[in-house]
Amino acid sequence: MSQKSKDFLSAYLVVGEDELKRTTVLKRLHERISALGDLSFNYNEFDGASASGDAIVGACNTIPFASDLRLVEVKEAEKLPKAAAEQVIEYLLAPSATTVLALEAEKLAKNTRLYKAVAALGKTAVIDCTPLKRRELPKTIRNMAVGYGVTFTEGAAYKLVELVGENTVRLDTEVKKIATAHRGNDPVNESEVISLVARTSEVKPWEVTDAFSARDISKCLLLFQRMPEKSSYSVMPRIVQRIRELIGVQSFLARGNTSSLPRILKIPEWKVSHYTTWARNFTDYELREALCLALDAEQAMKSSSDPDKYFVDWLLQTLRRV
């Protein structure tokens, strides 16, 4: 066995909800092991939901042909039946020195026996693919774009997240598509993204709440219409809570000190500028009037067969400038 083959652990757990990161990790693992020999004869892939423990362990214990190592990959390892998982765990107590077992999982709790069995093999055995926070995605998109030979404006990156959602595989696919269609040396802008990308992400209540806070009537109504059924019941409480928060922000602005806002509102510091901008979109009277009108709207919604109508009426009454 070559020295390079000794650089691999007997098994890895590639776990996390970032699909693109998981795919990238497994691709690199394929490439590294392929450099040691032909994987055409030394690779097996199993579906965790349907694979038997005997088949997985049998593949792991097979001697590689014309290569130092074999690669055995189990997709959706979190779905392994209990009996199969136990067989894999038992195998990991004395794994083959000529096989690398790659277990891929979107979610697998750290307190499970399978997770612990892999983690016991070494510090690098568990490869964390936790997804980025939403606010980190625009920067990632701009880095993706450079890899495809284009640049994105910050607004274009934010717009892509808004339209596509947080799935990094879909984001990467859309960035590649936009890069292929883009002409010229100017950065891809927000308008270009809108023209090339169809919205596939489900609108979240907080998006409507942010549009309300920005006092953008058109965007607020458009997002609300794209929400699932009974959306008014999920959005109304959030907007009412936001109104209360903005009333508080206005009080801090009047005193000229917003340093304690993150602690009081329980928000990260980077969001303070958004809240102060939103608070300036309304007068104190408008926000307090909105709270009073919200009570009437909620009562009408509960007794109506068309609650969305009363919710929209309240939105328009609150957001229109006199």
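Is Cys129 buried or exposed? Cys129 has 0% relative accessibility and therefore counts as buried, a class defined as under 20% relative accessible area, with exposed meaning over 50% and partly exposed in between (1.4 Å probe, protein chains only).

## Basis of the model

The structure is a predicted model, in which local features need pLDDT of at least 70 and side-chain atom pairs count only at pLDDT 80 or more, while totals for chains, interfaces and linings use all residues. Residues are numbered from 1 along each chain as its sequence is written, and side-chain values use heavy atoms, with hydrogens and water left out.

## Cysteines

The search of the whole structure finds zero disulfides, a disulfide being a pair of cysteine sulfur atoms within 2.5 Å. For Cys129, the closest cysteine sulfur belongs to Cys60 and lies 20 Å away, which is too far for a bond. Cys292 is likewise in no disulfide, the nearest cysteine sulfur being that of Cys220, at 20 Å. With 52% relative accessibility, Cys292 counts as exposed.

## The parallel sheet

Five strands, in the order β2-β3-β4-β1-β5, make up an open sheet with parallel pairing; strands pair if DSSP finds at least two bridges between them. Strands (E, at least two residues) and helices (H or I, at least four) are DSSP runs numbered from the N terminus. On average, neighbouring strands are turned by 15° against each other, direction ignored.

Strand β1 (residues 11-15) is joined to β4 (residues 99-105) by five bridges, and the two run parallel. Val14 has Glu104 of β4 as its bridge partner. Helix α1 (residues 19-34) packs on the sheet, touching β1, β2, β3 (70-75), β4 and β5, and its direction makes about 170° with that of β4. Such angles run from 0 to 180 degrees between N-to-C directions, with axes fitted as lines to C-alpha atoms, for helices over the stretch in contact.

## Nonpolar cores

A nonpolar core is a set of buried Ala, Val, Leu, Ile, Met, Phe, Trp, Tyr and Cys residues joined through side-chain atoms within 4.5 Å. The largest has 37 residues, and Phe212, Phe311 and Trp314 have the most contacts inside it. Helices supplying at least two residues each include α9 (205-213), α11 (231-255) and α15 (307-319); α11 gives the most, with nine.

Beyond its neighbours within four places in sequence, Phe212 is in contact (heavy atoms within 4.5 Å) with residues including Cys220, Ile239, Phe282 and Trp314. Apart from this core lies another, of 28 residues, among them Ala77, Leu80, Ala84 and Val118.
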